[in-house]
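Have the sequence and the structure open while you read.

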Amino acid sequence: MSKKDNVDKIKSYIDDVLGTKSSLKDKLPTKKSHEKDLFCEILTNLQFVNARTMGMKHDFKVNMMEYDDPFYTTIECLFKLNYTNEQQNVINWWLYDKFLPTGEVLVLTNKETEEIIPSETPEDVWYLIQEHEKKDTK
């Protein structure tokens, strides 16, 4: 049974109980989920732009770093407005240090349990900095 069939079935039950026609809407995104989506999009785009800049320098000997620098400075300032130093460090590590030019990928590990901390995707980074936010507000 498809999702649409399930929704239609639920809607008919509600109509029967209420004795009138009703309509169902998807749940509106919360402010936090919207913020997470924007954060993930920003990190994905920054990773792409950084890789493109490095590729231009390596492959074509064209250094775009001076051109891109004011954009990166602006973005860093926006991060400073919204995130603690520790959160910014995690973001910067993921953007600039996690993925090595050799193709190797660094991992984070918990010092106490030695478990690997998920940090593969922008969403992983989002949840990681949310944990730092909780620690900072305690």
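Start with glutamate 123 and lysine 36, whose side chains meet in a salt bridge with an N to O distance of 3.0 Å. A salt bridge here is a side-chain nitrogen of Lys or Arg within 4 Å of a carboxyl oxygen of Asp or Glu. This pair links distant parts of the chain: glutamate 123 sits in helix H5 (residues 122-137) and lysine 36 in helix H2 (residues 31-60), 87 residues apart. Helices and strands are DSSP runs, numbered from the N terminus, with at least four residues (H or I) for a helix and at least two (E) for a strand.

One quick note before going on: this is a predicted model, where local features need pLDDT of at least 70 and side-chain atom pairs count only at pLDDT 80 or more, while totals for chains, interfaces and linings use all residues. Residues are numbered from 1 along each chain as its sequence is written, and side-chain values use heavy atoms, leaving out hydrogens and water.

How many salt bridges does a search of the whole structure find? The count is three, and here they are:

| Salt bridge | N to O distance |
|---|---|
| glutamate 123 and lysine 36 | 3.0 Å |
| lysine 11 and aspartate 15 | 3.0 Å |
| glutamate 120 and lysine 98 | 3.5 Å |

Glutamate 123 is partly exposed at 36%, while lysine 36 is buried at 15%. Lysine 11 is partly exposed at 23%, and aspartate 15 is buried at 17%. Glutamate 120 is partly exposed at 43%, and lysine 98 is buried with a value of 0%.

Now for a charge without a partner. Aspartate 68, in helix H3 (residues 65-82), is buried yet has no salt bridge. The nearest side chain of opposite charge is arginine 52, 5.4 Å away. Leaving aside neighbours within four places in sequence, aspartate 68 is in contact (heavy atoms within 4.5 Å) with Val49 and Thr53.

Time to zoom out. The chain has five helices and two strands, running α-α-α-α-β-β-α from the N terminus on. The radius of gyration, taken over C-alpha atoms, is 22 Å, well over the 14 Å that the globule rule gives for 138 residues, so the chain is more spread out than a compact globule. That rule is 2.2 Å times the number of residues to the power 0.38. Along the principal axes, the C-alpha atoms fill a box of roughly 70 × 40 × 30 Å. Of the 138 residues, 21% count as buried. And among contacts between residues at least 6 apart in sequence, 51% join residues at least 24 apart.

Notes:
Buried < 20%, exposed > 50% of the residue type's maximum accessible area, 1.4 Å probe, protein only. Lys, Arg positive; Asp, Glu negative; His and termini not counted.
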